[in-house]
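Open the model in your viewer and keep the sequence beside it. This tour goes stop by stop, saying what to select and what is there.

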Amino acid sequence: QVQLVESGGGLVQAGGSLRLSCAASGSIRWVNDMGWYRQAPGNERALVATITSGGSTNYADSVKGRFTISRDNAKNTVYLQMNSLKPEDTAVYYCTAHITPRIFLSSDYWGQGTQVTVSS
């Protein structure tokens, strides 16, 4: 059984910072790409940032220069440092990872989501 557990969401004022964490656990052989998506009320889930196992990153234009994705491969954990937060960053943030379990074929896994609310 593989699962992703997120932490770090909350309420912050505009201009503030938050750091999200997401740890993969279970019977894991290899964690490949990891990333963060977000979904605001009435909107579809959208890409925020991704990072490969080698550390290459990709960001949505709306967060470039403000958010930084990183990972600790030894801990199977991905982070999202969010600075200069804006009210439009308010959303539920979901962690995702492409994982190869020890027994089963590789697949995409998702966390349960963590709420980020930015007040103006």
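## Stop one: a salt-bridge network

Select aspartate 89 and arginine 38: they form a salt bridge, with the closest N and O atoms 2.9 Å apart. A salt bridge here is a side-chain nitrogen of Lys or Arg within 4 Å of a carboxyl oxygen of Asp or Glu. The pair links distant parts of the chain, 51 residues apart. Aspartate 89 is in the loop between strand E8 (77-82) and strand E9 (91-101), while arginine 38 is in strand E4. Strands (E, at least two residues) and helices (H or I, at least four) are DSSP runs, numbered from the N terminus. Aspartate 89 and arginine 38 are both buried. Buried means under 20% relative accessible area, exposed over 50%, and partly exposed in between (1.4 Å probe, protein chains only).

A word on the model: it is predicted, local features need pLDDT of at least 70, side-chain atom pairs count only at pLDDT 80 or more, and totals for chains, interfaces and linings use all residues. Residues are numbered from 1 along each chain as its sequence is written, and side-chain values use heavy atoms, leaving out hydrogens and water.

The side chains of arginine 66 and aspartate 89 meet in a salt bridge of 2.8 Å, N to O. Arginine 66 lies in the loop between E6 and E7 and aspartate 89 in the loop between E8 and E9, so this pair ties together parts 23 residues apart in sequence. Arginine 66 is buried, as is aspartate 89. Salt bridges that share partners join Arg38, Arg66 and Asp89 into one network.

Stay on arginine 66. Its relative accessible area is 10%. A polar atom of its side chain lies 2.9 Å from the backbone oxygen of serine 62. Beyond residues up to four places away in sequence, arginine 66 touches several others, including Gln81, Met82 and Asn83. Touching means contact: heavy atoms within 4.5 Å.

How many salt bridges are there by this rule? The count comes to three. One of them is between aspartate 61 and lysine 64, with the closest N and O atoms 3.1 Å apart. Select these two: both are exposed.

## Stop two: arginine 71

Select arginine 71 in strand E7 (residues 67-72). Arginine 71 is buried yet has no salt bridge. Which side chain of opposite charge is nearest? That is aspartate 33, 5.4 Å away. Look for backbone oxygens instead. The side chain of arginine 71 reaches that of valine 31 at 3.2 Å and that of asparagine 32 at 2.8 Å.

## Stop three: the rings

A search of the whole structure finds one aromatic pair. Select tyrosine 37 and tryptophan 110: the pair is edge-to-face, 5.2 Å centre to centre, with 65 degrees between the planes. Rings of Phe, Tyr and Trp (its six-membered ring) pair if their centres lie within 6.5 Å; planes under 30 degrees apart count as stacked, over 60 as edge-to-face and the rest as tilted. Tyrosine 37 is partly exposed at 24% relative accessible area, and tryptophan 110 is partly exposed at 38%.

Finish on arginine 45. Its charged end sits over the ring of tryptophan 110, 4.8 Å from the centre. Arginine 45 also lies over the face of tyrosine 94, 3.7 Å from the ring centre. A charge sits over a ring if NZ of Lys or CZ of Arg is within 6 Å of the ring centre and within 35 degrees of the ring normal.

Methods. Lys and Arg count as positive and Asp and Glu as negative; His and the chain ends are not counted. A polar contact is a pair of N or O atoms within 3.5 Å; within protein, one must be able to donate a hydrogen and the other to accept it, and residues adjacent in sequence count only if both atoms are side-chain atoms.
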